[in-house]
Every structure is written in C-alpha cells, then in structure tokens.
Amino acid sequence: MNAATVMARCAALDVHTEVPGTITRRYATPALAGALREVEGWMREAGLETRRDAVGNLVGRYAGTVAGAPALLTGSHLDSVPDGGRYDGPLGVLSALSVVERLAARGERLAFPIDVCAFADEESVRYGTTYLGSSALAGRFDAEWLERRDQDGVALRDAMTAFGADADGVAEAALAPRSVLAWIELHIEQGPRLERADVPLGVVTGIQAQERRRIIVTGTAGHAGTTPMDGRRDALAAAAELVLAVERAGRDTNGIVATVGTLSVEPGGINVIPGRATFTIDVRHPDDDTLAAALTEFDAAVTRVAGERRVEVLQTVLSADRAVPCDEGLRAVLAAAVRARSLPVIDLASGAGHDAAALHRLCPVAMLFLRCAGGVSHNPAESIEECDVAVALDVLEHAFRNLPPGARR
Ligand code: GLV
Ligand code: MN
Ligand code: MN
C-alpha cells in the first residue's frame with residue numbers, strides 16, 4: 001500500500017459530488033454519503049472495524065496490543081467547499097489508512113489502537129458550524145446548531161435525520177479524554193511556503209484564531225428611476241462600504257486575513273434599490289487579542305455606516321475560535337520523523353482552520369503539512385505530487401511508532 005494508492009483513491013472520490021464536473025461535497029448530502037461509503041469499504045478491506053457516530057463521522061479502528069490503551073486518532077475530513085479541490089481532507093484520511101494498511105500487511109500492531117477518522121463536516125459551508133464532525137467527538141457540539149438552516153431552509157436537525165445521523169444522540173458521540181492518546185493529521189499546506197522552500201513537508205506550530213459573522217443590512221427597497229439619490233437607504237451601497245471596511249481591517253494590521261465570501265441582495269431586481277444585503281465575514285489572526293482589535297475596528301465602521309446611511313445592521317457571530325497551539329511533544333515526534341527522512345524541519349503556522357482546533361479540547365494535537373502546487377487550495381486546481389505523499393507516509397509511520405505513551409495530557 002503506497003502513495004500511488006493514496007493518489008488513486010483521492011481521485012476516485014471525485015465522483016461523489018453534488019455538482020457533476022466539480023468537487024462539491026457538503027455535509028449530510030448524498031455526495032458525502034457516497035464518499036463515506038467508499039472509504040468505509042476500503043477500511044473494511046484493510047481489516048479495520050468501522051463505526052459511524054451520531055453526526056455521521058466514519059471511524060475505522062486498527063486494534064493495538066495493549067488492552068484498554070488510549071487510541072491514536074488520525075485522519076481528516078471528507079466534505080469539501082463548493083467547487084473545491086481533491087486533496088483538502090481526503091489526503092489525510094487516505095494517508096492515515098495507507099499507514100495502517102502497511103502495518104497490517106506486515107501483521108504488525110502498535111501498543112495502542114489507531115482510529116482512522118473521516119470527518120463528515122470540517123468546512124462548515126452548509127451550516128456555518130466550524131468543525132461540526134470533530135466537535136461531536138470533542139464534546140463541543142452546540143445543540144443550538146441543530147436549529148440552523150441552510151440556504152434552502154433545511155434545518156440541520158432535519159438534514160441529519162435524512163442523512164441517517166442522530167441529532168438527539170450527538171452528546172453520546174463525545175469521547176472520554178482518557179480514551180484518546182493524541183490527534184495527528186496530514187493535510188495539504190494550502191499555501192506556498194513549502195513549495196518556495198523546496199521541501200515536501202512542514203510541521204505545524206498552531207492554528208490561528210478566527211471569527212465568522214453573518215451581517216444583515218436593512219435599508220428601504222424602492223424604484224431605481226424615481227427615488228432621488230439623496231433620499232435613499234440603499235442596503236447594498238452600505239454593505240459595499242462594510243465589505244471594504246473588512247478588507248481595510250485586514251490590510252491595516254499585519255497578519256490579519258479578512259474575507260467576505262458570500263453576499264446576497266434582495267429583492268434583486270435591475271430596477272430596484274436593494275432593500276436588504278446579507279453577507280458573511282471571516283477574519284483570522286494567529287493572536288487572539290490582535291483579532292479582537294481588528295473586529296473592534298470593524299464594529300466602529302458598522303456604527304459609522306449605519307448612522308451615515310440610516311440603515312440597520314444586524315451582526316450574528318457564527319463561530320469564534322481561539323488560536324490553538326500544536327502540542328510541543330507531538331511536534332518533536334513529527335520533527336524527528338522528518339529528520340529521519342533526511343529532510344529539514346520547517347515549522348509553519350496554519351492559516352486554514354482544521355479539526356485539530358476542535359480536538360485540542362480532547363487531546364494533544366499535531367499536524368503535518370504537505371506542499372501543494374502554487375499553494376492553491378479551495379479550488380479545483382489543487383495539486384500535489386505522489387513522491388511527496390510517499391515521504392509523508394514514511395514520516396507518519398515513523399511518528400506513529402515513536403509516540404510517547406504519555407502523549408495524552
Ligand atoms: C477551512 O478550510 C478553513 O480554513 O476555512
Ligand atoms: Mn478546506
Ligand atoms: Mn481541510
């Protein structure tokens with residue numbers, strides 16, 4: 001079992017999509033169900049014992065030799081952003097499975113069980129619930145999320161039921177901290193630093209803080225031809241100022257990244273002044289306080305624009321995640337594994353969010369990044385090299401073998 005198999009399996013998952021010709025696999029869709037089924041089949045062929053939890057995560061267990069030893073959790077997610085790439089998520093799941101297959105092929109077991117996790121929702125594009133899948137394991141699933149609705153008005157609770165998940169059983173999906181040794185995830189870098197350094201892998205230092213909000217600007221809809229310019233309460237024009245304020249918050253502070261990823265306008269007629277504009281913001285920084293300061297700056301812009309343009313602005317925080325450091329001991333294990341492959345150790349902070357941010361509440365976490373072409377991700381052009389995956393499999397196996405039994409806090 002090798003890198004070629006990992007590459008082929010990542011490609012084989014492309015067919016599980018909501019929109020043919022793209023990779024679009026949101027939570028609780030038939031596309032995601034298809035991908036989970038396919039991966040479950042590969043896990044079973046490898047002799048793993050599989051289970052689904054209440055939110056629909058798939059976990060395949062490779063037993064250890066010491067009865068009752070806490071499990072190493074590893075893997076990643078199988079959901080995607082709309083029109084996303086092939087490797088964001090699946091690479092981590094299928095590489096973890098490949099390492100277990102290598103052990104199984106040699107009839108070898110480690111002291112502890114290895115749980116290969118395929119999370120059902122990391123991207124949160126359908127319900128804005130960051131790390132929904134791993135949150136259930138970490139015991140941080142917020143029951144209020146169940147009432148959230150997607151863009152078609154489907155409540156999360158109903159989507160879960162249709163998906164065969166169990167909205168009322170989510171609390172039982174939480175793992176006991178004493179049953180978990182650590183979380184280790186391989187993921188594509190989604191940035192250009194490893195490629196620029198000409199190195200296949202990097203050791204992640206931590207995941208930056210992030211906050212996401214929905215912002216509804218309400219003005220007055222009206223006739224585009226008859227309403228004088230000075231009498232208008234144009235919701236989109238006000239939103240446009242706020243979109244630029246978000247960008248300014250990012251530009252003004254070194255390290256802040258600030259994005260408006262969605263915007264919709266109602267009622268949406270070519271000859272109608274917009275009465276309502278709804279958009280989302282996603283703002284991140286490695287330091288919690290710096291992020292808070294940038295958001296305060298944005299709040300001031302909201303107050304100013306609302307006053308000047310006589311519109312109402314309603315902000316709802318969709319998620320707020322503090323910065324999460326990776327575990328020093330696990331980072332040292334990954335670094336030693338990288339050095340054992342005669343490679344330099346490159347430390348990288350993660351700009352993207354990852355399940356480690358949720359699992360950090362449960363156990364020590366660590367991540368390995370793999371270079372991707374041009375740093376491109378959340379894009380169908382996402383691309384990686386098989387030779388880098390081969391190195392990553394060696395490094396992961398080395399790390400798994402050398403995990404200190406006391407990795408657990
Ligand atoms: C997940 O990929 C994120 O960082 O938004
Ligand atoms: Mn992603
Ligand atoms: Mn991801």
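## A histidine and its polar partners

The side chain of H77 makes a polar contact with the side chain of D79 at 3.0 Å. The H77 side chain makes another with the side chain of D88, at 3.1 Å. A polar contact is a pair of N or O atoms within 3.5 Å; within protein, one must be able to donate a hydrogen and the other to accept it, and residues adjacent in sequence count only if both atoms are side-chain atoms.

H77 sits in strand β3. Strands (E, at least two residues) and helices (H or I, at least four) are DSSP runs, numbered from the N terminus. H77 counts as buried because its relative accessibility is 0%. Buried means under 20% relative accessible area, exposed over 50%, and partly exposed in between, with a 1.4 Å probe and protein chains only.

## Basis of the model

This is a predicted model: local features need pLDDT of at least 70, side-chain atom pairs count only at pLDDT 80 or more, and totals for chains, interfaces and linings use all residues. Residues are numbered from 1 along each chain as its sequence is written, chains are lettered from A and ligands numbered from 1 in the order in which they are written, and side-chain values use heavy atoms, with hydrogens and water left out.

## Manganese ion, ligand 3

Which residues hold this ion? The protein donors of the manganese ion (ligand 3) are H77 (NE2), D88 (OD) and H187 (NE2), at 2.1 to 2.2 Å. Donors are N, O and S atoms within 2.8 Å of the metal (3.2 Å for Na, K and Ca); water is not among the atoms, so sites may look incomplete.

Along the sequence, the donor residues of ligand 3 are spaced H-x10-D-x98-H.

## Manganese ion, ligand 2

The manganese ion (ligand 2) is coordinated by D88 (OD), by E123 through two listed OE contacts, and by H378 (NE2), at 2.0 to 2.7 Å. The donor spacing for ligand 2 is D-x34-E-x254-H. Again distant parts of the chain are linked: E123 is in the loop between β4 (114–119) and α4 (132–138), H378 is in the loop between β15 (365–370) and α11, and the two are 255 residues apart.

What bridges the manganese ions? D88 does, and the ions, ligand 2 and ligand 3, lie 3.5 Å apart.

Is E123 buried or exposed? E123 counts as buried, because its relative accessible area is 9%. H378 has 42% relative accessibility, so H378 counts as partly exposed.

## Ligand 1

Oxygen atoms of ligand 1 meet polar side-chain atoms of R284 at 2.7 Å, E123 at 3.0 Å and H378 at 3.2 Å. Taken alone, ligand 1 exposes 200 Å², and the protein buries 91% of that. Accessible areas come from the Shrake-Rupley method with a 1.4 Å probe; for residues, only the protein chains shown count as cover.

## Backbone and loops

Most residues other than glycine have a negative phi, and most peptide bonds are trans. S124, in the loop between β4 and α4, has a positive phi near 65°. S124 is buried, with a relative accessible area of 5%. H378 also has a positive phi, near 55°. The peptide bond from E266 to P267 is cis, with omega near 0°. P267 lies in the loop between β9 (257–266) and β10 (272–273).

Q208 is in the loop between β6 (201–207) and β7 (209–218). Its relative accessible area is 10%, so Q208 is buried. The Q208 side chain reaches the backbone oxygen of G351 at 2.8 Å.
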